[in-house]
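This report concerns helix packing and salt bridges in one protein model. The sequence and structure are shown first.

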Amino acid sequence: MQPIDPAQVDQYMLGLLGWEMATGQRPATVREPRRLLELGRSAFGELPPLRQLRPLAPQRLEALLARMAARRARDRFPDLRAALRELDAMPDMGLMIVLDSWRRVATDDSSEHHFFERFYAAFLQSAPAARPHFAHFRAEDWPRQYRLLKEAVLLLLAFHEQGGDAAEPNVLSRIAASHRTIPAVLYAPFLDALVQTLCGDTAEGIEPADPLCRSPRDRDVLEEHWRAALEPGIRWLAERGAR
């Protein structure tokens, strides 16, 4: 049997602790020391997937903890420093939750098309002043508009990730330049319609685009994180909108 590297044990224990903190549970354990001698390494099973117990847990965090706490040492990070570098490279937790939500919504062309159709229907209903800006659109113009909005959402999230740095040029400068004629008052209903389409609205009977929003508790969390991620960029664009 090959000797066990203590550093790999430390990594395993830290990954296990992170999993317990994230789930609020302890994995199944061997209750009697003699069973460890009987079972050997087979006593150490793989941890249940983090998102099986916490659906909103970020995918990157789940992958990190699963690798750190892998049963076989060769499947873990080369050392604890490498694991911590991976952790340091992650965005903040709220943004990772939002990015996972966006992947669930914008997974393929057909689902994206349906999502953006629903968004614009909600937006134009809640903000009649926006309708003249789309009055000239023909059916063939909308797919391009959907692609532009998809790009805009990603840029809004990038603006948040960069700390809402308003110094120009920034990731939103091009959007601000192309939206100079858009009244500032339209940005708030734009944000509301986007979050409503993503997370749904029970009172209005609106089904969420993100299936995890069907849980009232998860919906509240997702809506909070979506608003926190989008509001800095929306606010910055509104300040530069036509008045």
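A residue counts as buried under 20% relative accessible area, as exposed over 50%, and as partly exposed in between (1.4 Å probe, protein chains only). The model is predicted: local features need pLDDT of at least 70 and side-chain atom pairs pLDDT 80 or more, while totals for chains, interfaces and linings use all residues. Residues are numbered from 1 along each chain as its sequence is written, and side-chain values use heavy atoms, without hydrogens and water.

**Salt bridges**

The structure holds 16 salt bridges (a side-chain nitrogen of Lys or Arg within 4 Å of a carboxyl oxygen of Asp or Glu). Three of them are tabulated here.

| Pair | N to O distance |
|---|---|
| Asp75 and Arg72 | 3.0 Å |
| Asp210 and Arg104 | 2.8 Å |
| Arg138 and Glu140 | 3.5 Å |

Asp210 lies in the loop between α10 (187-199) and α11, and Arg104 in helix α6 (residues 93-105), so this pair ties together parts 106 residues apart in sequence. Asp210 is buried, at 0% relative accessible area, whereas Arg104 is partly exposed at 25%. Asp75 is partly exposed at 31%, as is Arg72 at 36%. Glu140 is exposed at 52%. A network of salt bridges links Asp192, Arg219, Asp220, Glu223 and Arg227.

**Helix packing**

Helices are DSSP runs (H or I, at least four residues), numbered from the N terminus. The axes of α8 (residues 142-161) and α11 (residues 216-239), lines fitted to C-alpha atoms over the stretch in contact, come within 8 Å and cross at roughly 95°. The two helices are therefore roughly perpendicular (65 to 115 degrees).

Conventions. Axes are lines fitted to C-alpha atoms, for helices over the stretch in contact, and angles run from 0 to 180 degrees between N-to-C directions. Angles under 35 degrees count as roughly parallel, over 145 as roughly antiparallel, 65 to 115 as roughly perpendicular and the rest as oblique.
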